[in-house]
Amino acid sequence: MQAARGSKLPRRWLAQLRGLPRDARDTLFLLAVAGITLVPLTPHLPPWAGLGAAALLAWRAVLAWRSRPLPARWMLAALLIAGAGLTLWQFRTIFGRDPGIALVSLLLGLKALETRNRRDTYVLFYVGFFGVSANFLYSQSAFTAGWMLLATAGWITALINANLPAGEPPLRQRFGLTLKLLAFGTPAMVVLFLLFPRFAGPLWALPSSAGSATGLTDRMDAGSIASLARDDSVAFRVKFHGPRPPERELYWRGPVLTLFNGQQWSPLPVTPLELRPGYDPPRKLRTQGPGVRYTVTMQPSQQPFVFALDAAEGAPTLRGQPQTEVYQLSDLQLRANHPITQLTRYDLTSYPQFSYGPRTLSRHFEADLELPPGDDPRTVALGERLARKAQAEGGGPLQVAQAALQMFRREPFRYTLDPGPYPGRNQVDDFLFDRRVGFCEHYAQAFVVLMRAAGIPARVVTGYQGGRENPIDHTWVVRQSDAHAWAEYWVAGRGWLRADPTAMVDPARVDRSGQTLAAREPLLGVAAFGPRDTALLLRLRNLGDALNNSWNQWILDYGQARQNALLRKLGMNQPDWRQLSALTLAALSLAVSVMGLLLVWERRRTDPWSDAYARLRKRLGESGIAGTPADAPLTLAARVRRSALPPGAVASACALLQDLERWRYAAPSQARTQRQRLAQLRRAVRRWRPTP
């Protein structure tokens with residue numbers, strides 16, 4: 001009974017919708033388009049702005065549904081003042097990207113509540129199209145472009161509705177006209193995209209509020225990386241130009257953390273000398289084996305870190321942020337002089353088999369040996385015991401490191417995403433001797449503290465480990481959930497060596513080659529879906545990733561270099577802005593001319609029914625039976641019956657006119673059959689003569 005009652009509700013609402021006046025239905029359609037425009041902006045808006053805009057649109061929808069009058073203007077003015085006040089309170093300004101778009105979202109709802117005439121409707125259209133553009137200030141993904149194309153088509157359809165003073169064509173016909181207008185504008189859009197002069201920087205910029213950073217930061221405390229393990233968003237994509245190294249060797253280096261205050265790790269301050277153009281830091285990089293060539297497409301992170309496979313031979317040149325330079329520091333991390341705020345691509349060559357750093361101890365290692373005095377006494381004592389044992393047995397740092405790693409392998413440590421908090425000053429002691437539950441940052445931190453307690457320089461390295469291949473486009477995708485922390489310790493005569501204690505506890509963390517789908521993809525909802533459904537979700541995600549990657553490569557990455565490459569294929573080796581402008585104008589004129597010819601041809605096209613009716617009226621007029629386009633077919637049939645035509649001609653003419661009348665008012669569901677019948681009618685009209 002409840003299911004039957006629930007199925008009747010949509011039918012009743014649909015019947016009520018069809019019974020509404022046309023202006024109310026047009027208003028509801030307009031509000032639906034406004035909602036489509038605002039949905040992608042909602043995650044970037046303050047909660048009060050998103051809820052406020054939704055409430056205003058819903059209020060206007062209720063008024064249209066119930067045919068109630070609009071609210072008084074003083075009430076709308078009070079709401080506008082309240083919205084501006086909340087914006088000032090939230091952002092301390094009304095200028096900039098975030099406060100401006102928050103206000104635009106509220107204005108879209110407020111303007112819908114005061115739309116009383118055509119002028120107000122046009123203003124609402126302008127605000128709506130601005131909202132479409134505002135979405136691209138936050139995301140330029142293929143999904144955003146497709147969603148905004150749908151929103152643009154909706155706004156154009158609503159604009160067509162506002163300019164139809166009479167008649168009621170079906171929505172499908174109005175949307176078809178929208179698609180036709182978009183098709184007419186596509187050639188000009190393609191010409192402008194391909195040939196409009198590209199500059200090194202953007203033509204315009206909107207003052208933006210401080211964007212929220214994503215991904216890894218230059219600070220690490222217990223639990224900071226574990227929080228990223230649930231973030232399935234893409235950090236960067238990699239295209240290998242040749243064989244890919246084994247997954248266990250894919251360590252993507254990020255911030256190197258040396259300073260430790262007992263609670264948090266942070267990097268050494270970067271000196272101005274290290275960020276000076278032309279400065280070559282003392283890396284002392286020694287490589288073995290062939291290099292690995294690859295291209296990275298990095299998502300904007302609002303951070304200055306540039307990730308590379310250990311160990312990169314130098315700093316890359318960024319494509320997508322032409323005014324940003326990247327420097328390689330002495331600890332091999334890559335750092336830009338500005339945060340990465342746009343989609344960025346760069347080419348690199350790395351050597352997975354490497355060693356680096358000085359081979360002799362010096363004063364530069366002081367920070368890599370420091371520990372907070374008095375903290376973690378049990379861990380410090382363990383490190384000292386390991387050092388004494390190695391010294392007594394004639395070993396050194398390698399033996400201490402192996403002993404620490406074997407402890408993690410043999411003892412009952414557990415690797416988990418939910419280790420819980422480690423409060424207090426002695427969190428390493430609590431982890432090593434009491435709870436023994438942690439994520440990669442807990443293991444890396446404990447290993448470094450042990451090594452420093454043994455008198456061995458050590459530090460934490462953060463970045464990403466592994467990744468997964470997309471089988472659709474064969475790119476290597478590294479997600480935020482691949483964030484990882486490992487350790488480096490120094491050995492005399494060899495330099496800095498990598499140690500990953502997490503691999504001792506959970507080897508599958510750094511080598512997923514033998515895992516099942518459920519183990520490899522814990523974030524796809526295996527608990528909620530079966531393995532077959534999870535495989536489908538994985539395929540859909542891979543398809544979306546491949547689509548986004550193609551969009552990034554061919555659309556977002558179409559800059560000055562790619563434009564010059566295209567023009568060289570067209571025979572222009574060194575085009576300047578004058579040549580580009582002339583070529584753009586010529587191509588645009590050609591595109592507009594083609595569109596104009598198509599429009600003229602479209603206007604000259606006649607309705608097939610009108611053409612058949614006009615032909616039959618002309619034949620009857622030659623026999624003395626006058627008729628005009630305003631005459632209905634049945635009216636003309638009555639004149640034919642009163643005429644002096646032969647009975648056979650009268651019967652055939654009246655039959656044709658009756659068929660034309662029935663076709664004109666046939667139900668839309670019979671359109672296909674009626675089109676076939678109309679073709680037959682047109683042939684019959686061409687054959688009809690007033691005499692047998």
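Where is the place of Ala-311 in this chain? Ala-311 sits in the loop between β9 (308-309) and β10 (326-328), where helices and strands are DSSP runs numbered from the N terminus, a helix (H or I) having at least four residues and a strand (E) at least two. Before I go on, please keep in mind that this is a predicted model, in which local features need pLDDT of at least 70 and side-chain atom pairs count only at pLDDT 80 or more, while totals for chains, interfaces and linings use all residues. Residues are numbered from 1 along each chain as its sequence is written, and side-chain values use heavy atoms, with hydrogens and water left out.

A cis peptide bond joins Asp-310 to Ala-311, with omega at about -5 degrees. Asp-310 is buried, at 2% relative accessibility, and by buried I mean under 20% relative accessible area, by exposed over 50%, and by partly exposed anything in between, computed with a 1.4 Å probe and protein chains only. Asp-310 also forms a salt bridge with Arg-498, the closest N and O atoms being 3.6 Å apart; the term stands for a side-chain nitrogen of Lys or Arg within 4 Å of a carboxyl oxygen of Asp or Glu. Because Asp-310 lies in the loop between β9 and β10 and Arg-498 in strand β20 (residues 495-499), the pair ties together parts that are 188 residues apart in sequence. Arg-498, for its part, is partly exposed, with a relative accessible area of 31%.

Within it, the side chains of Arg-119 and Asp-120 meet at 3.7 Å, N to O, with Arg-119 exposed at 61% relative accessibility and Asp-120 buried at 6%.

Now to the backbone. Most residues other than glycine have a negative phi, and most peptide bonds are trans. Arg-92, which is not a glycine, has a positive phi of about 65 degrees; this residue lies in the loop between α4 (73-91) and α5 (97-112) and is exposed, at 66% relative accessibility. Asp-376 has a positive phi near 50 degrees, and its place is in the loop between β13 (353-355) and α9 (377-392), but Asp-376 is buried, at 2% relative accessibility.

What, finally, forms the positive surface patch? Arg-615, Lys-618, Arg-683, Arg-686 and Arg-687 form it, given that patches are made of residues with over 30% relative accessible area and no salt bridge, like charges being joined within 9 Å and nonpolar side chains (Val, Leu, Ile, Met, Phe, Trp, Tyr) within 5 Å. Helices α18 (608-622) and α21 (671-687) each supply at least two of the residues, with the largest share, 3 residues, coming from α21. Arg-683 lies in helix α21 and is partly exposed, with a relative accessible area of 38%.

Technical notes: Accessible areas come from the Shrake-Rupley method with a 1.4 Å probe; for residues, only the protein chains shown count as cover. Lys and Arg count as positive and Asp and Glu as negative; His and the chain ends are not counted. The place of a charge is taken as NZ of Lys, CZ of Arg, CG of Asp or CD of Glu.
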